[in-house]
Amino acid sequence: MSAKPPLNAGASINRLILVGCVVVAFLAIGLGGWASTAEISGALIAQGSLVVDSNVKKVQHPTGGVVGEVRARDGDRVKAGDILIRLDETVTRANLAIVTKGLTEFYARRARLGAERDGADAVALPKELAARAEDPDVQEAMASERKLFDLRRKTRTGQKDQLAQRVKQLQEQIVGLTAQQDAKTKEMGFIDKELEGVRDLWAKNLVPITRLSALEREEARLQGERGQLIAAAAEARGKIVETNCKFSRSIINSPATLPKSCARPTARSANTSSAR
């Protein structure tokens with residue numbers, strides 16, 4: 001067997017260099033030609049920052065508070081939903097207790113006002129507090145409102161009795177004034193008959209003029225007294241209406257539900273009445 005002739009190292013290196021130059025020239029010419037002929041319609045420029053995924057993360061509560069317990073330590077593996085920090089509940093529970101107590105008092109007050117509006121005999125436990133009927137705060141609030149309800153009802157009952165007595169007195173006064181009006185009317189009837197006869201006698205010169213004048217003055221006096229009695233009776237009737245309206249306003253808050261006779265006069269109607 002004959003031995004192979006040794007390879008020429010210089011020739012091999014030259015071939016490799018030649019191949020490399022050809023590849024570089026091809027890439028340069030190809031990329032240059034594409035860059036000179038290709039058209040770019042636009043470009044998008046944006047700013048950003050790169051953060052290492054394992055960098056330290058900040059954990060912050062949206063409203064803040066005092067940390068009561070830390071459940072995660074450096075190096076622990078956690079997943080979504082795990083509790084890392086538990087805040088102290090003292091301040092939060094205190095605020096919750098204040099709000100809950102305020103709502104309890106509000107519901108109890110609303111129940112009391114509704115019972116007063118509807119004329120009920122007692123304040124019923126509202127449905128919002130039915131689930132906590134045994135709660136001391138609920139019992140205290142309901143007891144306070146029920147006590148106030150009883151006191152206000154007794155006060156209204158006393159006022160109603162007083163106003164009823166006042167109305168009764170005014171009605172009796174009207175009866176007396178009406179009787180006096182009837183008496184004055186009868187007196188005026190007698191005076192009219194007497195005047196008719198005296199005028200005939202005076203026309204015949206049988207009585208002096210003073211007799212006729214005295215009777216006419218008496219008739220005018222009776223008419224004036226009768227007019228005063230009529231005005232006094234009308235005033236008493238107005239006081240009855242005013243007394244009834246006073247009681248209605250004391251128990252009814254809405255002007256729309258008041259009787260028409262209790263409507264307050266407007267400025268225009270008041271001026272018209274004054275002008276009359």
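Searching the whole of this predicted model turns up one aromatic pair. Select Phe106 and Tyr107, whose rings form that pair and are tilted, at 5.6 Å centre to centre with 55° between the planes; rings of Phe, Tyr and Trp (its six-membered ring) pair if their centres lie within 6.5 Å, and planes under 30 degrees apart count as stacked, over 60 as edge-to-face and the rest as tilted. Phe106 itself is partly exposed, with a relative accessible area of 40% (buried means under 20%, exposed over 50%, partly exposed in between, with a 1.4 Å probe and protein chains only).

Next, select Ala108, Ala111, Ala115, Val123, Leu129, Val138, Ala141, Met142 and Phe149, the nine residues of the largest nonpolar core, a term for buried Ala, Val, Leu, Ile, Met, Phe, Trp, Tyr and Cys residues joined through side-chain atoms within 4.5 Å. Helix 2 (90-118) and helix 3 (136-203) are the elements that each give two or more residues to this core, helices being DSSP runs of H or I with at least four residues, numbered from the N terminus. Helix 3 provides the largest share, four residues.

Now centre on Met142, which, leaving aside neighbours within four places in sequence, is in contact with Ala108, Val123, Ala124, Leu125, Pro126 and Leu129 (heavy atoms within 4.5 Å).

Finally, pick Glu140, also in helix 3, which counts as exposed at 52% relative accessibility.

Residues are numbered from 1 along each chain as its sequence is written, and side-chain values use heavy atoms, without hydrogens and water. Local features need pLDDT of at least 70 and side-chain atom pairs count only at pLDDT 80 or more, whereas totals for chains, interfaces and linings use all residues.
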